[in-house]
Amino acid sequence: MDTETARSLLEALALGAGVLWLLGAWFTVSSARQLAAELVEQVQVQAPAATIVRRVAEVVAKSIRGMPLQSCILESSTADAVRWRSQGALRYVAELAAVGDAKQSQVRLALVASSPLLVAARVVVGLGAVLIGVLYWLLDRHVVTSGQPGIRWQVVQMVQAIHLLWPPFLFVGLARSMRRRVVEEVRRVVQNSPFA
């Protein structure tokens, strides 16, 4: 491989790595904002408010291992509202309030979350930027300019940057999935509360 072809290939691979890095950085930042913003869910249930709130408080207090509401700590519980928090891979504060009559209630869930997985994603995004720059510089300086044409093929080692480019998608995806599971579980408990 000649020097110009090696440099062109290196630049194309570095550009691809840069685009993937930008996507990972954008996904991490936008997801962190999304998790930090208050999520509000509302639903109507054919049950008295006190029954719904009591059932949610019972499920949160049980903290069954393996369930989305595990490791929760009740902060307060009244006849019409319950507030709890969770620590772990997904840290959140949630409040469920219900208002209505003896037959039907309007239920409102508000949840604000964060996750150490987002911190890990940010660290990996930063390391990914450094890796892309250092790897590009090393390959450009020592491989592209090599006097041996066979060594120039090693510019494909630029794809090794992928090892720090995919983890942010995993970490952030896990955090978003955990929040979604918590909301779905609360919704399930609320909908089933008249029958519990």
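The lining of the largest pocket consists of seven nonpolar residues, six polar residues and one charged residue; Ala, Val, Leu, Ile, Met, Phe, Trp, Tyr, Cys and Pro count as nonpolar, Asp, Glu, Lys and Arg as charged, and the others, Gly among them, as polar. The model is predicted, and local features need pLDDT of at least 70, side-chain atom pairs count only at pLDDT 80 or more, and totals for chains, interfaces and linings use all residues. Residues are numbered from 1 along each chain as its sequence is written, and side-chain values use heavy atoms, with hydrogens and water left out.

α4 supplies three residues, the largest share of the lining of the largest pocket. Helices are DSSP runs of H or I with at least four residues, numbered from the N terminus. Helix α4 covers residues 167-192, and its 26 residues should span 38 Å at 1.5 Å a residue; the end C-alpha atoms are 37 Å apart, which agrees. The expected span is 1.5 Å times one less than the number of residues.

Glu-185 lies in helix α4. Glu-185 counts as buried because its relative accessibility is 9%, where buried means under 20% relative accessible area with a 1.4 Å probe and protein chains only. Other buried residues of α4 include Val-182, Val-183 and Val-186. Beyond its neighbours within four places in sequence, Glu-185 is in contact (heavy atoms within 4.5 Å) with Met-67, Pro-68 and Leu-69. Glu-185 and Ala-94 are 91 residues apart in sequence, and their C-alpha atoms are 13 Å apart in space.

Notes. Helices (H or I, at least four residues) and strands (E, at least two) are DSSP runs, numbered from the N terminus. Buried means under 20% relative accessible area, exposed over 50%, partly exposed in between (1.4 Å probe, protein chains only).
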